[in-house]
Amino acid sequence: FSPERGYVIESRRGGAGYIRILRVDLHNRQDLLEVLERHVGTQIGENEAFGVIGRLEEQKLVSRREGMLMRAAVSNRAISLPVTAKDHLRAGILRSMILAIMANKGE
């Protein structure tokens, strides 16, 4: 139940406390832009990037095959740079792919 997978977690402590897990679906261009801003940003780790890609697949915004290609492009094996630079480059690549998806979907 992580944010990059599309979940928002709310909690309240105390006697009448609760934990609420909400699923936020991607319905439009604004939702995709929010994913870019909140979860990709200027740097993102491999696992978090894979989570974002998984969410795009679950929401049927990319096919399984497209998701596999996206994972290959942002994987640690594909980016042979020092650790500090990998996450910045990965974020740029993922942002570009998501923007291309948005342009292709005509939204």
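1. Which pattern does the protein follow when read along the sequence? The pattern is β-β-α-α-α-α, and the protein holds 4 helices and 2 strands, where helices (H or I, at least four residues) and strands (E, at least two) are DSSP runs numbered from the N terminus.

2. On the basis of these notes: this is a predicted model, in which local features need pLDDT of at least 70 and side-chain atom pairs count only at pLDDT 80 or more, while totals for chains, interfaces and linings use all residues. Residues are numbered from 1 along each chain as its sequence is written, and side-chain values use heavy atoms, with hydrogens and water left out.

3. Of the 107 residues in the protein, 32% are buried; buried stands for under 20% relative accessible area, exposed for over 50%, and partly exposed for what lies in between, with a 1.4 Å probe and protein chains only. Among the contacts in the protein with a separation of 6 or more, 54% join residues 24 or more positions apart, a contact being heavy atoms within 4.5 Å.

4. The axes of helix 2 (residues 46–58) and helix 3 (residues 64–74) come within 10 Å and cross at roughly 165°. Axes here are lines fitted to C-alpha atoms, for helices over the stretch in contact, and angles run from 0 to 180 degrees between N-to-C directions. Helix 2 and helix 3 are therefore roughly antiparallel to each other, since angles over 145 degrees count as roughly antiparallel, those under 35 as roughly parallel, 65 to 115 as roughly perpendicular and the rest as oblique. The crossing of helix 2 past helix 3 is right-handed, that is, the near helix is turned clockwise from the far one by less than a right angle.

5. In this pairing, Glu 46, Ala 49, Phe 50, Ile 53, Gly 54, Leu 56 and Glu 57 of helix 2 meet Arg 64, Gly 67, Met 68, Met 70, Arg 71 and Val 74 of helix 3. By class, the contact of helix 2 with helix 3 has 7 nonpolar, 2 polar and 4 charged residues; Ala, Val, Leu, Ile, Met, Phe, Trp, Tyr, Cys and Pro count as nonpolar, Asp, Glu, Lys and Arg as charged, and the others, Gly among them, as polar.

6. Glu 57, found in helix 2, is a charged residue that is buried, with a relative accessible area of 19%. Not counting residues up to four places away in sequence, Glu 57 touches Val 62, Ser 63, Arg 64, Gly 67, Met 68 and Arg 71.

7. Lys 60 lies in the loop between helix 2 and helix 3, and is exposed, with a relative accessible area of 69%. The phi of Lys 60 is near 60°, a positive value in a residue other than glycine. Most residues other than glycine have a negative phi.

8. Is Leu 94 buried or exposed? Leu 94, found in helix 4 (residues 83–105), counts as buried at 0% relative accessibility. Leaving out residues up to four places away in sequence, Leu 94 touches Val 40, Ile 44, Ala 49, Val 52, Ile 53, Met 70 and Val 74. The C-alpha atoms of Leu 94 and Ile 53 are separated by 8.7 Å, although the two residues are 41 residues apart along the chain.

9. Lys 86, also found in helix 4, is buried, with a relative accessible area of 16%. Its neighbours within four places in sequence aside, Lys 86 is in contact with Asn 76, Ile 79 and Leu 81.
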